[in-house]
Amino acid sequence: MISKEKQNAVNKGEILPLMEEFYTIQGEGFHTGTAAYFIRIGGCDVGCHWCDVKESWNADLHPPTATDIIVDNAARYADTVVVTGGEPLTWDMTLLTQKLKAKNLKVHIETSGAYEVTGTWDWFCLSPKKTKLPVQAAYDIADELKVIIYNKHDFQFAEEQAAKVNSKSILFLQPEWSRKEEMTPEIVEYVMKNPKWRVSLQTHKYLNIP
């Protein structure tokens, strides 16, 4: 059972449930192929059945870690940091992003957008989920819309989401990994017919890196 003092610190963003952190190559979306330090924050109740990091869902399984330690670790490796989850916006990201930017780091987020937008972001990747749709602020500031395609019905969902983001948002369709053999050709055909979209692949999995 977390103490009241520790819970207050979590609420303020002074400590966060850190699942893992690692330096790797961004495998998806607009920044594919670039080096980045990933900070994976535990906790998510969006509940995608095909999620490949379900172990991130229960925040209680991941050690409450001081934000200062997370920031110092990131600053040793890269000039770009990607905050992901779980669902990072479950928590207040204000302090984390302030401290990262104080180290002159570029700060990106990958989020479902289902919660209030906190923090200051250099790149906002919105990956909406049907189970819990984004808040309006997430649509308004999304630099990138990345929709996961599990079946053909998801193309309609993608178009519904594209209609809600700002006009500068770059649009990506990405096959769900377990369905990539079936859905990648469908996505390629769809993008050729609807060239406002781009194809995103989980290239890090093809490269066998984190």
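**Salt bridges, strands and a helix**

Tutor: We can begin with D72, which counts as partly exposed at 35% relative accessibility. Keep in mind that this is a predicted model.

Student: What does the side chain of D72 meet in a salt bridge?

Tutor: K103, with 3.5 Å from N to O. D72 is in helix α2 (residues 67-75), while K103 is in the loop between α3 (94-102) and β5 (106-111), so the pair links distant parts of the chain, 31 residues apart.

Student: And K103, how accessible is that one?

Tutor: K103 has 42% relative accessibility and counts as partly exposed.

Student: How many salt bridges does the count come to?

Tutor: Eleven. One of them joins R40 and E20, whose closest N and O atoms are 2.7 Å apart. R40 lies in strand β2 and E20 in strand β1, so this pair ties together parts that are 20 residues apart in sequence.

Student: Is R40 buried or exposed?

Tutor: R40 is buried, with a relative accessible area of 13%. E20 is partly exposed, with a relative accessible area of 30%.

Student: Staying with β2, how many of its residues are buried?

Tutor: Six of the seven residues in strand β2 (residues 35-41) are buried, so the strand is mostly covered.

Student: Which strands do bridges join to β2?

Tutor: Strand β1 (residues 15-25) is joined to β2 by seven bridges, and the two run antiparallel. Strand β4 (residues 80-85) is joined to β2 by five bridges, and that pair runs parallel.

Student: What stands opposite Y37?

Tutor: Y23 stands opposite Y37 of β2. In β4, V81 stands opposite Y37.

Student: New topic: which residues of helix α5 are buried?

Tutor: In α5 (residues 154-162), the buried ones are D154, F155, F157, A158, Q161 and A162. They are on the same side of α5, because they cover an arc of only 155° around the axis.

Student: What covers them?

Tutor: The cover includes α4 (136-141), β7 (144-149), β8 (170-175), α6 (180-193) and β9 (197-199).

Note on methods: Residues are numbered from 1 along each chain as its sequence is written. This is a predicted model: local features need pLDDT of at least 70, side-chain atom pairs count only at pLDDT 80 or more; totals for chains, interfaces and linings use all residues. Side-chain values use heavy atoms; hydrogens and water are left out. Buried means under 20% relative accessible area, exposed over 50%, partly exposed in between (1.4 Å probe, protein chains only). Helices (H or I, at least four residues) and strands (E, at least two) are DSSP runs, numbered from the N terminus. Two strands pair if DSSP finds at least two bridges between them. The arc is that of the directions from the helix axis to the C-beta atoms. Contact means heavy atoms within 4.5 Å. A salt bridge is a side-chain nitrogen of Lys or Arg within 4 Å of a carboxyl oxygen of Asp or Glu.
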